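Here are my comments on the model, point by point. Please keep the structure open while reading.

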Amino acid sequence: MTSKRPAFPLQLDSLSGSKPKVKPAAAPVRPAVKVVQDRPLSPVHRPVHGMDSAAVRAHMVQKLAQGGIKDSAVLQAMGTVERHRFVETALVNQAYEDTSLPIGLGQTISKPNVVARMIELLRNGAAGKLGRVLEVGTGCGYQAAVLSHIATEVYSIERLKGLHEKARENLRAFRLHNVHLLFGDGMAGFAKGAPYAAIIAAAGGNNIPQAWLDQLALGGRLVAPMMTPAGHQALVVVDKSAQGFQHQVLETVHFVPLKSGIS
Ligand code: SAH
């Protein structure tokens, strides 16, 4: 297991509050001379839908707000992180649609509204930033980047080496000094970073691993998909206090399975 920090802070957009303005797309300018490129544009530089990505993102944030996300810190983080940098070139035009997308090795990046909903639950109306947060299932690193805006430190663990490396590569340009990418089995949590103010899982099992409950701070909150006795996956919120644990089972979700071991 490694805990190297990728180095960098992300530039904050000027988005504020829950109703960012959508800039109209600039009219496409046709070059008078055909520009010959020896390499295709990388997702980083490629415009989305022919619009500048901040405008498309602001539109996505507007939809999230219309869909019921109220926490302005969450909306601001969602408006800041360039989701199109985390998906493959062929999928860039879908990066700001409310859809999950394949990220390789049979895994998916979660829908923006699910990411926003889970982080809103995780924050639970906190006044400032959360402290240390553990994310289980780094995937392509998108949610870790969003979390980096609402937490002081993010520990994100992935069991598939290929995705752990992909996330490291995806996150490099963002220079997020507070994101720590770890390779390992997240079912055991990451004891060295404990206790966590919050734990969020992007993969669902049949129950909540004991290690997560142990590593949650008193006053901390865990949000994870979990299989219910009724046989469907639902979002579960667990609050830990001196009196014990309180569970809430919320809406149905569809996450990839939580698996043990590394690969
Ligand atoms: N948050 C991610 C979503 C990735 S999908 C994103 O923004 O892209 C869920 C991820 O959980 C997958 O990459 C899968 O490999 C990983 N996963 C499943 N079981 C795991 C475990 N026990 N430990 C760590 N990661 C796990």
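This is a predicted model: local features need pLDDT of at least 70, side-chain atom pairs count only at pLDDT 80 or more; totals for chains, interfaces and linings use all residues.

The points below go from the sheet to its helices, then to single residues and the ligand.

1. Seven strands form an open sheet in the order β5-β4-β3-β6-β8-β9-β10. The pairing is mixed. Strands β5 (179-183) and β10 (244-252) are the edges, each pairing on one side only. On average, neighbouring strands are turned by 15° against each other, direction ignored.

2. **The parallel part.** Strands β3 and β4 run parallel and are joined by six bridges. Val133 has Val154 of β4 as its bridge partner. From β3 the chain passes through helix α4 (residues 142-147) to β4, a right-handed β-α-β crossover. Next come β4 and β5, also parallel, with five bridges. Here Glu158 is the bridge partner of Phe183 in β5. The chain goes from β4 through α5 to β5, and this β-α-β crossover is right-handed.

3. **How enclosed is β4?** Strand β4 is largely enclosed by the rest of the structure, because six of its eight residues are buried. Helix α5 (residues 161-172) lies across β4 (151-158) and β5. The helix runs at about 160° to β5.

4. Strand β9 (residues 233-241) pairs with β10 in the antiparallel sense, over seven bridges.

5. **Helix α2.** Which residues of helix α2 (residues 72-80) are buried? They are Val74, Leu75, Ala77, Met78, Gly79 and Thr80. These buried residues pack against α1 (53-66), α3 and α4. The start of the helix also deserves a look. There, a side-chain oxygen of Asp71 comes within 2.9 Å of the backbone nitrogen of Ala73.

6. **Ser110.** This residue sits in the loop between β2 (107-109) and α3 (112-123). Is Ser110 buried or exposed? Its relative accessible area is 17%, so Ser110 counts as buried, the limit being under 20%. Beyond its neighbours within four places in sequence, Ser110 is in contact with Arg83, Thr99, Ser100, Val115 and Phe255.

7. Leu216 belongs to strand β8. Leu216 is buried, with a relative accessible area of 2%. Leaving aside neighbours within four places in sequence, its contacts include Pro195, Tyr196, Ala197, Val238 and Lys240. Ala194 is 22 residues away from Leu216 in sequence, yet the two C-alpha atoms are 7.0 Å apart. The peptide bond from Ala194 to Pro195 is cis, with omega near 0°. Pro195 itself lies in the loop between β5 and β6.

8. **Positive phi values.** Please check two loop residues. Leu105 has a positive phi of about 55°, although it is not a glycine. Leu105 is in the loop between β1 (101-104) and β2. Leu105 is exposed, with a relative accessible area of 55%. Asn124, also not a glycine, has a positive phi near 50°. Asn124 is in the loop between α3 and β3.

9. **The ligand.** There are 27 residues around the ligand. Those that come nearest are Thr108, Glu158, Asp185, Gly186 and Lys259. What lies 2.9 Å from a nitrogen atom of the ligand? A polar side-chain atom of Asp185 does. Backbone atoms take part too. A polar backbone atom of Lys259 is 2.6 Å from a nitrogen atom of the ligand. For Gly137, a backbone N or O atom lies 3.1 Å from a nitrogen atom of the ligand.

How values were computed: Residues are numbered from 1 along each chain as its sequence is written. Side-chain values use heavy atoms; hydrogens and water are left out. Helices (H or I, at least four residues) and strands (E, at least two) are DSSP runs, numbered from the N terminus. Buried means under 20% relative accessible area, exposed over 50%, partly exposed in between (1.4 Å probe, protein chains only). Contact means heavy atoms within 4.5 Å. Two strands pair if DSSP finds at least two bridges between them. Axes are lines fitted to C-alpha atoms, for helices over the stretch in contact, and angles run from 0 to 180 degrees between N-to-C directions. A crossover is right-handed if, with the strands pointing away from the viewer, the path from the first strand over the helix to the second runs clockwise. A residue is near a molecule or strand if one of its heavy atoms lies within 4 Å of it. A polar contact is a pair of N or O atoms within 3.5 Å; within protein, one must be able to donate a hydrogen and the other to accept it, and residues adjacent in sequence count only if both atoms are side-chain atoms.
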